[in-house]
Amino acid sequence: MAVIAGRPNRGALLPARLSALTDSRAGSLAIFIIKRILWMIPIVFFVILITFLLMHLAQGSPWDKSGGRQLSADVVNNLNIKYGLDKPEYQQFFIYLGNIVHFDFGLSYQYEGKTVTGLIAEGIPYTATLGVLAFIIIVPVGVGLGVLAALRQNTRVDYITMGFATAAASFPNFVIGALMVVVFSVLMAKWTQHAFFLPAADFALDDHLIMPVITLSLLPIAYTARLTRASTLDTIRQDFIRTAWAKGLSERLVVVKHVLKNSLIPVVTTLGPTFAFLVTGSLIVETVFNIPGIGRAFVTAVESRDYPMILGTTILFSIIIAIANLVVDVMYVFIDPRVRLT
Amino acid sequence: MAQTLLQVEDLHTQFFTSRGVVRAVDGVNLHIDVGETLGIVGESGCGKTITALSILRLVPDPGKITSGRILFRGNDVVKMDDEEIRDFRGNDVAMIFQDPMTSLNPVTRIGSQIEEAMTAHKRFTPELAKSRVIELLTRVRVPSAEQRARDYPHQFSGGMRQRAMIAMGLSNEPSLLIADEPTTALDVTVQAQIIQLMKQLNRELGTAMMLITHNMALVASLCQRVVVMYAGRVVEEGPVEQIFKSPQHPYTWSLLRSVPRVDEARKDRLVSIKGLPPDLTNAPPGCKFHPRCPFVVDRCKVEEPPLGEVGPDQVARCWVLMRNVSEADIATAKQSSISVAAAEKLKAPAADIGGKAGS
């Protein structure tokens, strides 16, 4: 293999096949992705460690009953032995780590005989369906409103859009959810004599989805629209936009090719965490519309000190967030040529 | 008699800010003939750039052209509709902007940015436009143009970006190229190359050029005629040799005195202009330059002089005129402005253009 003069030969110590990999763009991208996936291992380890510590530092035990009558000391003792809670905490920690290496996430305490994996598998289809649908709505609506408001800055369009965004961001989603139930289910059913109304609860792949998806997407739409507007306004004032106008380009070309290509870069950054936040579920939306998703399962697990369930859902959330961020970083390479993978 | 290409008549461009109306361009008249090179000089903030942006109708908000005509081959640019102005920009008149570092889109390839300037006007077929990109980049001496066309702006140095900007400006063979401080952001050797390049292009393609600068040396080497602007107005205009040899407006005289020259005696030290250009929301009465003028007379403070003929093809807006100032007064002006300038420098470094104009 010839060494080209002056060029740092990074792959000199690697076998020929590997150095060919590091030299190509696709190769360096693949290596970057593999590196980042391997990095998830220490990240998940620390997530487990911190969650474990916090869980055990918190007051109470899984066997506390709300209300008056508590389990007898003997029963509690037997339960502790059954679930391994009698051992010192550091031992419990390592046992847990040993188990999850074999993808054994343990048994839930609150639902007897059910595995954590099974419970998550039951809840995730509901939550993910809602989250993905909401995301599909958020991106075009949020970005579209933001761009529109920026291009028509200080006009009625801008004021209406930003007014809507402020309102959507200010109302908590339990208020929006409850309001929608009152208007579209209760009152609509009454006014139209049950001819037209939306179902207020439960889950099905039909008009059951409308209200929960809207409730879930309003806040991210507002957030995305505001961010897009600010970023687009900032881009419009850049020198290179003036250059584009000076070339005699049409407005459509200036906006699409010059403004948006630049102004959407920061928006893409926030879409990763937004996606992760959506598919991990929302306690409030799931509670208001009575949807058996994992958002609710997580919160009830925390309330009842269901240790394996808390750990299982936390690990899942952290992996989803890590993957979403990885996807954003990879997308950056394609939308911003200045970004270098390291 | 050369044919007039662009005629600016009584142009007023104003900015409507919360502090009041800024009269950035206040009744400017100028013209450029076909194939001519015109220099527009003056300190920062005197309306040069806004005049150029007005010609392309690219005045940024909250600015507006409030009155006047801009005739390009007899058509009024101010009255053009959206379609006409789009066709005019980049096609009849192209502009090279001040800062090459920020004037190119960072996420689009250089070649594609030049190409779209051509495809927007349908003067060349898409295939021809593609091959012209390489041709233009070679012409502005970008080495290995074919490869570099696929680069992004961040892979270009400042000088290279400015060349790419020039290539973009020339892509449609415009009859007028406006260059706003094309060399300010560049180092000296690159400056010389860019000037050489622009000279050559003017000679070969017959492109008229409007060079906006505060650099008198650049004007001397590139332009045939000079317009001197102050506080949004033309204060002096004439052929470049004449303006350099016998400037009649004290402002032009001061600008020229602030350029260091090797061939002059060392005792003739640099003159900087005392004070700052006036606040354009509230310009002084009379001659706008009178508060800073070393040769001011009473009349200057109340009545604004008109642009009067002071020589063949030379006009100046002054009651006094340099030819009427005695040698003794000039000598004292040189002395006092140095000391005033030194004091001024301590208070407001921006007021001193002597250093800047010398580069």
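Leaving aside neighbours within four places in sequence, Lys114(A) is in contact with Ser108(A) and Leu119(A), where contact means that the C-beta atoms of two residues, placed from the backbone, lie within 7 Å. The model is a predicted one, in which local features need pLDDT of at least 70 and side-chain atom pairs count only at pLDDT 80 or more, while totals for chains, interfaces and linings use all residues. Residues are numbered from 1 along each chain as its sequence is written, and chains are lettered from A and ligands numbered from 1 in the order in which they are written.

Lys114(A) belongs to the loop between α4 (89–101) and α5 (116–151) of chain A; helices (H or I, at least four residues) and strands (E, at least two) are DSSP runs, numbered from the N terminus. Lys114(A) counts as partly exposed because it has 14 C-beta neighbours inside 10 Å. On this scale a residue is buried if 20 or more other C-beta atoms lie within 10 Å of its own, exposed if 12 or fewer, and partly exposed in between, with C-beta atoms placed from the backbone.

Where the chains meet, the contact takes 18 residues from chain A and 23 residues from chain B. On the side of chain A that touches chain B, α9 (239–246) and α10 (251–279) each supply at least two residues, and α9(A) gives the most, with six. By class, this side of chain A has five nonpolar, six polar and seven charged residues. Here Ala, Val, Leu, Ile, Met, Phe, Trp, Tyr, Cys and Pro count as nonpolar, Asp, Glu, Lys and Arg as charged, and the others, Gly among them, as polar.

Helix α4 of chain B (residues 126–139) has 14 residues and reaches 20 Å from its first C-alpha to its last. That reach is close to the 20 Å expected at 1.5 Å a residue, the expected span being 1.5 Å times one less than the number of residues. Its buried residues are Ala129(B), Arg132(B), Val133(B), Leu136(B) and Leu137(B), and their cover includes α3 (110–119), α5 (145–148) and α6 (158–170) of chain B.

Just after α4(B), Arg141(B) takes a positive phi of about 60° although it is not a glycine. Arg141(B) sits in the loop between α4 and α5 of chain B. Arg57(B), also not a glycine, has a positive phi of about 55° and lies in the loop between α1 and β4 of chain B. Pro62(B) is found in the loop between α1 (48–55) and β4 (63–72) of chain B, and a cis peptide bond, with omega about 0°, joins Asp61(B) to Pro62(B).
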